[in-house]
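Please look over the sequence and the model below before reading on. The paragraphs that follow go from the whole chain to a few individual residues.

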Amino acid sequence: MDKKKKNSKTPPVSGFLARFRGLGQACAALLTNPHLPNLLQGQIYRGKGKTVCVPGLNCYSCPAATGACPIGAVQSVIGSSKFKFSYYVTGTLILLGVLLGRFVCGFLCPFGWFQELIHKIPLPKKKLSTKKLRPLRYLKYLILLLTVTLPLIFTNEVGMGNPFFCKYLCPQGVLEGAIPLSLASESVRSALGSLFTWKSVVVLSLLFYRPFCKWLCPLGAFYALFNRVSLTGMQVDAHKCVHCGRCAKACKMDVDVTKTPDHPECIRCGMCVKACPTGAVSFRCGLSRGAKEKENPAGKQAVEK
């Protein structure tokens with residue numbers, strides 16, 4: 001009995017990460033945007049910190065931001081006639097992808113956290129599921145290709161590309177940059193146009209869980225390419241798994257962790273860890289991956305009964 005009870009426990013580190021993820025997201029957002037007085041003054045921090053890339057989507061133009069958004073940094077290189085490619089930014093992204101994968105999306109991205117906060121606002125009607133909208137998840141790869149990658153290749157006569165994503169699509173610039181600056185400056189308010197309205201599409205987070213992360217974010221698409229090889233991920237202990245399906249029902253990214261622990265859409269949020277009644281699902285860190293050991297026949301019998 002004692003042995004069975006012990007085996008049903010979630011590993012301490014996994015339990016801690018799953019339980020306190022919200023606190024971790026808040027800390028990551030604050031560390032990324034510590035210059036809060038600038039929000040009231042309508043001034044952008046221009047210190048040396050802006051030369052460092054932060055892991056998540058966090059607009060350079062936010063008055064409180066202390067670092068550079070990786071996609072924004074790439075777009076800045078595109079818009080410069082002096083540089084055609086940023087090895088530093090690309091190297092940083094690859095390193096983060098190999099080490100963390102989409103763990104960045106689940107724990108370190110301020111914009112992802114902001115969408116989750118919006119989604120928690122209660123509505124008279126039930127929130128909508130995105131399971132039937134799964135094909136839309138491939139849009140973000142197309143956006144990564146068309147608005148971030150191709151402008152690096154196709155430039156004008158002076159070697160400058162068009163920063164399509166930051167200019168036309170990214171809503172983070174609106175939330176962190178345009179709104180705070182417009183509150184402090186009438187000239188900024190008068191300059192806001194139709195793009196401001198379009199980028200306010202983030203209000204869809206009221207109905208859907210993380211719609212921008214699922215369908216449009218090129219940074220999430222880039223990290224997703226590394227989910228299968230990243231050192232941080234999810235694993236399922238097949239000796240403990242009873243195939244109850246609770247982890248798949250709890251996952252708001254529409255992933256069944258028992259079938260594909262390293263699915264590109266998995267943001268390592270830990271909801272499956274909290275939902276698992278036997279402690280079979282846990283975070284992993286290292287080269288071991290997938291389901292641990294072989295299937296639990298007792299679990300299968302329990303399901304069949």
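In this predicted model, the accessible surface of the protein chain comes to about 16300 Å², and carbon and sulfur atoms account for 66% of that area. Of the 305 residues in the chain, 46% are buried. The chain has 18 helices and three strands, and among its contacts with a separation of 6 or more, 78% are made by residues 24 or more positions apart.

On the surface, a nonpolar patch is formed by Leu136, Leu139, Leu142, Leu145 and Leu146, which together have about 380 Å² of accessible area. One of these residues, Leu136, is placed in the loop between helix 8 (110–119) and helix 9 (139–153).

Arg210, found in the loop between helix 13 (194–199) and helix 14 (211–215), has a positive phi of about 50° although it is not a glycine. For His243, in the loop that joins strand 1 (232–237) to helix 16 (246–250), phi is likewise positive, near 55°, again in a residue other than glycine. These values stand out because most residues other than glycine have a negative phi.

Are these two residues buried or exposed? Arg210 counts as buried, since its relative accessibility is 0%, whereas His243 is partly exposed, with a relative accessible area of 36%.

Methods: Residues are numbered from 1 along each chain as its sequence is written. This is a predicted model: local features need pLDDT of at least 70, side-chain atom pairs count only at pLDDT 80 or more; totals for chains, interfaces and linings use all residues. Side-chain values use heavy atoms; hydrogens and water are left out. Helices (H or I, at least four residues) and strands (E, at least two) are DSSP runs, numbered from the N terminus. Buried means under 20% relative accessible area, exposed over 50%, partly exposed in between (1.4 Å probe, protein chains only). Contact means heavy atoms within 4.5 Å. Accessible areas come from the Shrake-Rupley method with a 1.4 Å probe; for residues, only the protein chains shown count as cover. Patches are made of residues with over 30% relative accessible area and no salt bridge: like charges are joined within 9 Å, nonpolar side chains (Val, Leu, Ile, Met, Phe, Trp, Tyr) within 5 Å. A salt bridge is a side-chain nitrogen of Lys or Arg within 4 Å of a carboxyl oxygen of Asp or Glu.
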